[in-house]
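The exercises below are meant to be worked through with the sequence and the model side by side. Try each task before reading its solution.

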Amino acid sequence: MDQIKISRLEVFGNHGVFPEETKLGQKFLVNATLYTDTRGAGLTDDLKQSIHYGEVCHEIHQFLRQHTCRLIEAAAEQLAEHLLLGIPRLQRLDLEILKPWAPIGLSLDTVSVCISRGWHEAYLALGSNLGDREGYLTKAVEKLRGISGCRVEQVSDFIETEPYGGVEQAPFLNGCLKLSTIRTPWELLGEMNRIEAEAGRERLVHWGPRTLDLDLIFYDDLVTEEPRLLLPHPDLANRTFVLEPLAQLCPYKRHPVTGETVLAMLKRLTEGGQE
């Protein structure tokens with residue numbers, strides 16, 4: 001992706017662990033690499049097709065002047081989120097905050113913190129088979145829209161499906177959605193669990209009835225095997241009730257391990273006569 005670079009922007013801010021740092025303030029330097037598509041601007045010579053680096057510099061300056069953090073790690077994190085949420089066309093950024101006058105009692109040039117943050121593409125599955133099923137799913141979509149750093153891009157149709165897993169229970173209403181997010185998958189999972197709990201979700205029977213079930217299916221092409229988070233969803237290829245609405249959103253997205261598309265997985269299940 002194309003880059004716009006800002007180098008050694010000077011800002012006077014009140015950040016630091018010691019009281020005199022937050023009271024008196026000191027100089028900081030900021031380096032930023034902004035990732036965006038500059039092709040349109042290059043062809044049209046139109047600034048609206050790119051990112052106005054002058055405005056970004058003023059945003060950085062104003063933010064670091066108006067906010068106070070004990071750690072430059074916190075200042076960098078908060079500034080990155082502020083820029084990603086506020087600047088159209090910004091897909092990702094590398095941000096470095098340098099502290100030339102770090103009070104460590106020794107001579108040094110600078111101390112700095114460097115972070116990389118950006119937007120990610122996630123796909124979620126939704127399901128309910130208790131109470132007002134459509135109401136639970138619709139409310140879940142609304143709550144996902146309300147999470148800072150998350151944008152619901154598309155929502156599939158809701159389809160009625162038979163229960164999965166062998167537990168006798170009422171039919172489900174299922175759907176999927178596409179989400180753009182600056183949250184990590186673990187942070188996103190935490191928000192999903194919170195929304196489930198607010199809907200009265202109880203984890204009493206494995207594959208049992210539930211008011212709301214939210215599953216993280218894909219997060220970019222990330223593959224994880226952590227106890228708390230398995231990506232892509234480990235049972236995706238066996239779930240028609242997920243693949244059918246997912247195919248409405250991303251039929252040609254490939255499983256990062258098997259290479260099989262969502263549509264191909266769905267066809268294999270339906271043509272094979274599996275549930």
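**Exercise 1. The chain as a whole**

How many helices and strands does the secondary structure of the protein chain come to? State also the extent of burial of the chain.

Solution. This is a predicted model, in which local features need pLDDT of at least 70 and side-chain atom pairs count only at pLDDT 80 or more, while totals for chains, interfaces and linings use all residues. Residues are numbered from 1 along each chain as its sequence is written, and side-chain values use heavy atoms, with hydrogens and water left out.

Step 1: the protein chain has eight helices and 11 strands, where helices (H or I, at least four residues) and strands (E, at least two) are DSSP runs numbered from the N terminus.

Step 2: of its 275 residues, 46% count as buried, and here buried means under 20% relative accessible area, exposed over 50%, and partly exposed in between (1.4 Å probe, protein chains only).

Step 3: the C-alpha trace spans about 70 × 50 × 30 Å along its principal axes. Among contacts (heavy atoms within 4.5 Å) between residues at least 6 apart in sequence, 65% join residues at least 24 apart.

**Exercise 2. An enclosed helix**

Explain why helix H7 is described as largely enclosed by the rest of the structure, and find what covers its buried residues.

Solution. Step 1: helix H7 covers residues 240-249, and because eight of these 10 residues are buried, the helix is largely enclosed by the rest of the structure.

Step 1: the buried residues of H7 are Thr240, Phe241, Val242, Leu243, Pro245, Leu246, Ala247 and Leu249.

Step 2: their cover includes strands S5 (120-128), S6 (150-155), S7 (159-161), S8 (172-181) and S9 (213-219), together with helix H8 (262-271).

**Exercise 3. Charged pairs**

Which residue forms a salt bridge with Glu160, and where in the chain do the two partners lie?

Solution. Step 1: side chains of opposite charge can pair when their charged atoms come close. A salt bridge is counted when a side-chain nitrogen of Lys or Arg is within 4 Å of a carboxyl oxygen of Asp or Glu, and the structure holds 15 of them.

Step 1: Glu160 pairs with Arg133, with the closest N and O atoms 2.8 Å apart. This pair links distant parts of the chain, since Glu160 is in strand S7 and Arg133 is in helix H5 (residues 133-145), 27 residues apart.

Step 2: Glu160 counts as exposed because its relative accessibility is 53%, whereas Arg133, at 22%, counts as partly exposed.

**Exercise 4. A pocket**

Which helix supplies the largest share of the lining of the second largest pocket?

Solution. Step 1: on a 1 Å grid over the protein atoms alone, a pocket is an open set of points where a 1.4 Å probe fits, with protein on both sides within 12 Å along at least five of seven lines, and lining residues have an atom within 4 Å of a point.

Step 1: the second largest pocket holds about 330 Å³ of space, a volume being the space filled by probe spheres set on grid points that are joined across faces, edges and corners.

Step 2: its lining consists of 18 residues, of which Ser116, Arg117, Gly118, His120 and Ile182 lie nearest the centre.

Step 3: helix H4 (72-86) and strand S4 each supply at least two lining residues, and the largest share, four residues, comes from H4.

**Exercise 5. Backbone exceptions**

Which two residues are joined by a cis peptide bond, and what is the phi of Arg8 and of Arg89?

Solution. Step 1: most residues other than glycine have a negative phi, and most peptide bonds are trans.

Step 1: Leu231 and Pro232 are joined by a cis peptide bond, with omega about -10°, and Pro232 lies in the loop between strand S11 (229-231) and H7.

Step 2: Arg8, in strand S1 (residues 2-13), has a positive phi near 55°. Arg89, in the loop between H4 and S3, has a positive phi of about 75°.
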